[in-house]
Amino acid sequence: MNIINEYLTLSEFSKIIFENKRIEVHPEVTRRVIESFEFLRDFSSNKVIYGVNTGFGPMAQYRIKEEDCLQLQFNLIRSHSSGTGQPLSALHTKAAILARLNTLSRGNSGIHISVIELMKELINRDITPLIFSHGGVGASGDLVQLAHLALVLIGEGEVFYKGERKSTQEVFAIENLKPIEVKIREGIGLMNGTSVMTGIGIVNVRQAETLLDYAVKASCMINELVQAYDDHLSETLNHTKLHKGQQKIAADMRAHLADSQLVRKRADHLYSGTNKEEVFKEKVQEYYSIRCIPQILGPISDTIENVGTILENEINSANDNPIIDVVTQQVYHGGNFHGDYVALEMDKLKLVITKLSMLAERQLNYLLNAKINELLPPFVNLGKLGFNFGMQGVQFTATSTTAENQALSTSMYVHSIPNNNDNQDIVSMGTNAALMCSKVIENAFEVLAIEYITIAQAIDALEITAKLSQSSKKEYDNIRRIVATFSQDQIMYPYVQKVKEYLMQAIN
């Protein structure tokens, strides 16, 4: 069980989302939220405060009568529940709720404590609000997506519950839950913020870490397949470049290959002085997709780590407007809801994951092209050449999926379109960026799944199973439990899907 208190780490966040850990709210959070609410209630009685007794956005110039202030919050939630497209996944939605719960727990929003309590129950009881993928521009936060969350919290809208899409009212009756109490600014307090893009972003980071781990393992296995020299992974070489990621990837690969009987030492073969060939039969250096792994995956590793730091900061920040500060006894109007930090990081992340999928595709092509590798039958075909096709068909899938990633890598961060009567004249598009990044990540898992099946076939073609490192042998065995060695053509899509699911399970 996790207790929401002062600071939520990325690791703690992930355990709640991926391992379904229950959460409880620390008494200090309850005290903080109630104190913030009571301060705002008293402070706002004779002052003009945006979203409390004014309209919203460009309509903020209109004073709202006291008797209409609560209805204003309902009007905002209902009018902005206008999303379209596919519903967010249960994983993304749960992450969004947790991100919103955590930022509201800081006590800078003046919301009623019932908001925190009900969001906690949605997470613990696996009640998934219906939130659509299209709608947010990421400027006043995820207005549209968070409106759909707020709609459920006031007892309206729809949710997914035990595999079915039902009305919120029906599910609340089953679970004996009550809607939140709307008192001052619960509508705008829920909707102003970056919680959807940030929640999705944290899921993306966790999945990207898994992708990187499997990309490293696949690269190690290919180094074994070609019996590459080991000096391109050496500590000496990689420490002549002062990049943490490169050094880490090289170290991870050395550890993975430590007991391999296939990777060779250059000194034993090319530095001995016994080779007299005029034209060398064996490659002096391997192709870049084999030799330059630390330099290619290194910046990807650094980027994933840096993105995680930014998102951890974001979920522990107040991303609301206005900001209620009990210590200074003031209400501050500003733009903490703006999603540029998250949008930029999601663009960075999808860019490096696209590069990861490009590396996997090039490694796959190397294995499938007999003229290049000079080791394996064409398309790693273990059947009859010309009659059977081996991995020929799935290469098309890997290539097209990688191409889609390249197209999706166009930046959303720089695609600002003014809207809201030009009140939101520069926006982040952060939610779009996070969702596009999620698609790029899923595509990358598909490319890696195809690569892993091909690697397993190549290992069998060369009959080198006994010489693999223990780490490589473990991965080979895991793949072979899903898809057995085959020489006759078979329908491939079920196996690709199962291997993809296996790779993604590592995040649980």
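Helices here are DSSP runs of H or I with at least four residues, strands are DSSP runs of E with at least two, and both are numbered from the N terminus. I open with that, everyone, since I will be using those element numbers throughout. Now the ground rules: this is a predicted model, so local features need pLDDT of at least 70 and side-chain atom pairs count only at pLDDT 80 or more, while totals for chains, interfaces and linings use all residues. Residues are numbered from 1 along each chain as its sequence is written, and side-chain values use heavy atoms, with hydrogens and water left out.

Let's take the overall picture. The chain has 20 helices and 9 strands. Along the principal axes, its C-alpha atoms fill a box of roughly 95 × 45 × 45 Å. The accessible surface comes to about 22,300 Å², computed by the Shrake-Rupley method with a 1.4 Å probe, where for residues only the protein chains shown count as cover. Carbon and sulfur atoms hold 52% of that surface. I will call a residue buried under 20% relative accessible area, exposed over 50%, and partly exposed in between, with a 1.4 Å probe and protein chains only. By that rule, 55% of the 508 residues count as buried. As for contacts, meaning heavy atoms within 4.5 Å, take those between residues at least 6 apart in sequence: 77% join residues at least 24 apart.

Next, helix 9, residues 195–225. What does it reach from its first C-alpha to its last? The answer is 45 Å for 31 residues, close to the 45 Å expected at 1.5 Å a residue; the expected span is 1.5 Å times one less than the number of residues. Helix 9 is also mostly covered, with 28 of its 31 residues buried. After helix 9 comes Gln-227, with a positive phi near 50°.

That brings me to backbone geometry. Most residues other than glycine have a negative phi, and most peptide bonds are trans. With that in mind, look at Asp-126, where phi is near 55°. Asp-126 sits in the loop between helix 5 (113–124) and strand 4 (128–129), and is partly exposed at 47% relative accessibility. Asn-176 is not a glycine either, and has a positive phi of about 55°. You will find Asn-176 in the loop between helix 7 (168–175) and helix 8 (186–191), and at 67% relative accessibility it counts as exposed. Then there is the peptide bond from Asn-321 to Pro-322, which is cis with omega near -5°. Pro-322 belongs to the loop between helix 14 and strand 8 (323–325).

On to the salt bridges, each being a side-chain nitrogen of Lys or Arg within 4 Å of a carboxyl oxygen of Asp or Glu. How many does the structure hold? There are 27, and I picked a few to show you. Arg-31 and Glu-35 form one, with their closest N and O atoms 2.6 Å apart. Because they are 4 residues apart in helix 2 (residues 27–43), about one helical turn separates them. Arg-31 is partly exposed at 40%, and Glu-35 is partly exposed at 34%.

Lys-348 and Glu-345 meet in another salt bridge, at 3.1 Å from N to O. Both lie in helix 15 (residues 340–368), 3 residues apart, about one turn of the helix. Is Glu-345 buried or exposed? At 5% relative accessibility, Glu-345 counts as buried, whereas Lys-348 is partly exposed at 36%. There is also a network: salt bridges with shared partners join Glu-24, Lys-120, Glu-121, Arg-125 and Glu-175.

Lys-244 lies in helix 11 (residues 244–256) and Glu-305 in helix 14 (residues 293–315), so the pair ties together parts that are 61 residues apart in sequence. Lys-244 is exposed at 52%, and Glu-305 is partly exposed at 39%.

Last stop, a sheet. Strands of a sheet pair through backbone hydrogen bonds, either parallel or antiparallel; the rule used here is at least two DSSP bridges between two strands. This open sheet has 3 strands in the order 4-6-7, with antiparallel pairing. Strand 4 and strand 7 (164–167) are its edges, each pairing on one side only. Strand 6 (residues 158–161) pairs with strand 7 over 4 bridges, and Val-159 stands opposite Lys-166 in strand 7. Thanks, everyone!
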